Amino acid sequence: MEIAREIEAFLAVAEELHFGRAAARLHLTTSRVSQAIRGLERRIGAPLFERTSRTVRLTPLGETLFEDVGPAVQQLEEALIKAKRAAGREPQGALPVFFANSLREEVAAALVHGFAEAYPQIPLVRYAYPSMQHRKWCDQPRDDVFVTWFPAEPGALDLPRVQVGPVILREPRSVMVGAGHALARHDVVDIEELADHDLLYPHPVTRRFADAWTPPITPSGRRIRRVRRMTGSYSEEAVTIVVHENLAHITITRLPPILLRSDIVLVPLTGLPPFWLAPIWSVFAQNSWIPAFADLAAQIGARAGWLAADGG
């Protein structure tokens with residue numbers, strides 16, 4: 001039981017990169033979470049996190065454990081799902097859909113409206129959620145769906161035990177910088193130019209996912225200086241860090257107004273493929289309406305022209 005609590009605490013801190021948020025998520029005190037992490041580090045014999053007064057980061061060993069421990073946790077969760085099936089649990093009568101908070105309102109609204117028209121008997125419950133929370137659907141038995149961004153074909157991103165629906169929208173990339181940054185005066189930025197600047201390296205979903213979002217090198221082989229500053233996976237934090245630390249950040253081109261500020265600039269980026277918007281859900285999901293939503297969302301995107309290279 002003790003190691004189960006330690007693993008649970010480790011996964012929460014690894015995902016949040018913040019002891020306070022991890023403690024709130026687990027309904028524990030911060031000191032209890034810290035104690036569990038120290039116990040796991042003693043058990044392994046090496047630190048799993050680098051801690052400062054301002055940041056929490058995974059060590060290389062911590063990143064490896066984070067990526068490797070999932071299957072063991074999933075076996076336990078799969079056993080619970082099988083037990084629920086054996087007990088005769090029925091699929092939910094409603095469909096909870098989480099939309100990335102970096103998604104434009106008109107896109108989310110069109111998907112919600114389209115589903116309501118096609119399936120009026122099934123209430124769709126809409127939520128907003130941080131954009132980089134893919135692993136919550138990979139690593140937990142859930143009966144809901146998350147519509148969010150992918151930097152490449154999802155099957156190539158090492159996401160464990162997950163279902164991904166067809167692409168809904170393709171969005172070109174941009175570089176987010178503060179208004180005073182040297183790139184803010186450019187009309188267009190090529191990926192090769194980013195080797196001359198420090199780039200914000202976002203909270204990793206998986207290593208391949210992070211490298212597809214912010215590559216370690218340019219196509220010509222120049223190293224890109226990736227800087228870890230994020231303590232979580234919140235878009236609002238990325239905007240603040242970009243401005244205050246004079247960093248560049250690769251992001252989607254059309255952000256919702258709530259994330260736009262007068263002191264940031266979005267410059268179109270060339271040399272990298274567009275982002276994908278697609279639905280993701282747990283392989284353990286029992287809600288039979290999830291595939292129907294995923295297929296309908298792709299049809300809506302195709303009819304609206306969202307699959308064009310410029311995102312429609």
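Me: How do the axes of helix H1 and helix H3 cross, and how close do they come?
Reply: This is a predicted model. In it, the axes of H1 (residues 2-16) and H3 (residues 30-44) come within 8 Å and cross at roughly 110°.

Me: OK, so what do we call that arrangement of H1 and H3?
Reply: Angles of 65 to 115 degrees count as roughly perpendicular, so H1 and H3 are roughly perpendicular to each other.

Me: Which residues make the contact?
Reply: From H1 you've got Glu2, Ile3, Arg5, Glu6, Ile7, Ala9, Phe10 and Val13, and H3 brings Val33, Ala36, Ile37, Gly39, Leu40 and Arg43.

Me: And how many of those in the contact of H1 with H3 are nonpolar, polar or charged?
Reply: Nine are nonpolar, four charged and one polar.

Me: Switching topic: where's His181?
Reply: His181 sits in the loop between strand E8 (173-178) and E9.

Me: Is His181 buried or exposed?
Reply: Buried, because its relative accessibility is 3% and the cut-off is under 20%.

Me: What does its side chain reach?
Reply: The His181 side chain reaches the backbone nitrogen of Leu183, at 3.0 Å. Leaving aside neighbours within four places in sequence, His181 also contacts His197, Asn246, Leu247 and Ala248.

Conventions: Residues are numbered from 1 along each chain as its sequence is written. This is a predicted model: local features need pLDDT of at least 70, side-chain atom pairs count only at pLDDT 80 or more; totals for chains, interfaces and linings use all residues. Side-chain values use heavy atoms; hydrogens and water are left out. Axes are lines fitted to C-alpha atoms, for helices over the stretch in contact, and angles run from 0 to 180 degrees between N-to-C directions. Helices (H or I, at least four residues) and strands (E, at least two) are DSSP runs, numbered from the N terminus. Angles under 35 degrees count as roughly parallel, over 145 as roughly antiparallel, 65 to 115 as roughly perpendicular and the rest as oblique. Contact means heavy atoms within 4.5 Å. Ala, Val, Leu, Ile, Met, Phe, Trp, Tyr, Cys and Pro count as nonpolar, Asp, Glu, Lys and Arg as charged, and the others, Gly among them, as polar. Buried means under 20% relative accessible area, exposed over 50%, partly exposed in between (1.4 Å probe, protein chains only). A polar contact is a pair of N or O atoms within 3.5 Å; within protein, one must be able to donate a hydrogen and the other to accept it, and residues adjacent in sequence count only if both atoms are side-chain atoms.
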